[in-house]
Amino acid sequence: MVAELNVLRDKIDEVDKVLLDLLAKRLSLVAEVGEVKSRAGLPIYAPDRETAMLASRRREAAALDVPPDLIEDVLRRVMRESYASENDKGFKTLCPQLRPVVIIGGQGQMGRLFGKMLTLSGYQVRTLEKEDWPRADALLADAGMVIVSVPIHLTVPVIEQLPTLPEDCLLVDLASVKNAPLQAMLAAHNGPVLGLHPMFGPDSGSLAKQVVVYCEGRQPEAYQWFLEQIQVWGARLHRSSAVEHDQNMSFIQALHHFATFAYGMHLAEENVDLEQLLALSSPIYRLELAMIGRLFAQDLQLYADIIMAFEDNLALIKRYYRRFGAAIALLEQGDKQAFIARFTQIDRWFGDYADHFLAESRVLLRQANDSRK
């Protein structure tokens, strides 16, 4: 039996080597594609092409008795690596006449990411840090674009301290709250103004498929090229008013981060054995625990700023607290039918999204289980 297994395993190793050779060849072709896209100014992410290609590969896989989900999983992982590889080829400069870009807070993580992408796109990039403020007038005197990338609680004060910028200079901020920074930029600068919120962390290997929210400020014709440049990087743009953005972020960020913080605090105060929790956890709880732990591994000042950005956030969190109490009351009453009825009511509210989220989460859970040791 051992000898028979060894023969089969040797054959599998040979197939794996062929797969490696094919992957190397595919990545080489992707590099060539990246060069063509760079010259033509085409986005690195082409959703129609990706959708059609995956559908075709799934059909071909089924014809070969290969599970279609398997080939899709493999190709999505390969494509993620391919998008990161295409970054290295640079991007077409859509506004070659642009004067230097100055990133205030350019040594921070998000500032460095935007600096890298702009440099790969052929723009001259400078940074302005706290210690450089005595020279701010000189550093900003000939700026074609100024990007404010500083902690949330410093964004408005920094904007208010800006010296007079060139009239045609584009002023941009990257804060995860938008209304106050946008109003501050409009008051501080008479030229074009744009609010951006990158909906991803600075550790992203590529902007492909990432979402960037933009809030229009002033003179959209003057910053249309920058929005198109962001799309060339592979990101998807989502337009929003600053007020609507901040209202939605209260749910997406403030409430979610606070609930995660509270759960993490509860685990710590209960002094649970994390190793035992992980050993006994299903994939979904491991994934949830990973997301909780992820919060505490990041910039604590950032999350404090997000949660405490608006008084409305506190009111929202208090409403959540009251509803949490109402859910506890159902348990105290011991009325299982009332609990099920409430559950059913919420399920109806989610509608088709519930089934969509169920299917989407299955993919994530398979990946989480694959990484389990």
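Of the 373 residues of the protein chain, 35% count as buried, where buried denotes a relative accessible area under 20%, exposed over 50% and partly exposed the range in between, with a 1.4 Å probe and protein chains only. The model is predicted, and local features therefore need pLDDT of at least 70 and side-chain atom pairs count only at pLDDT 80 or more, while totals for chains, interfaces and linings use all residues. Residues are numbered from 1 along each chain as its sequence is written, and side-chain values use heavy atoms, with hydrogens and water left out.

The C-alpha trace of the protein chain spans about 75 × 65 × 35 Å along its principal axes, and the chain has 15 helices and 7 strands, these being DSSP runs numbered from the N terminus (H or I of at least four residues for helices, E of at least two for strands). An automatic or database domain assignment divides the chain into domain 1 (1–87), domain 2 (101–240) and domain 3 (245–333). The centres of domain 1 and domain 3, taken over C-alpha atoms, are separated by 37 Å.

The structure holds 1 cavity of 30 Å³ or more, a cavity being a set of points, on a 1 Å grid over the protein atoms alone, where a 1.4 Å probe fits but cannot get out, with lining residues having an atom within 4 Å of a point. The largest cavity has a volume of about 50 Å³, taken as the space filled by probe spheres set on grid points joined across faces, edges and corners. Residues lining the largest cavity include Ser176, Val177, Met249, Ile306 and Phe310, and the largest share of the lining, 5 residues, comes from helix H9 (residues 242–270).

With a disulfide defined as a pair of cysteine sulfur atoms within 2.5 Å, the count comes to 0 disulfides. Cys169 is in no disulfide, the nearest cysteine sulfur, that of Cys95, being 12 Å away, and Cys169 is buried at 0% relative accessibility. The sulfur of Cys215 lies 19 Å from the closest cysteine sulfur, in Cys169, and is therefore too far for a bond; Cys215 is likewise buried, with a relative accessible area of 1%.

Key
On a 1 Å grid over the protein atoms alone, a cavity is a set of points where a 1.4 Å probe fits but cannot get out, and a pocket is an open set with protein on both sides within 12 Å along at least five of seven lines; lining residues have an atom within 4 Å of a point.
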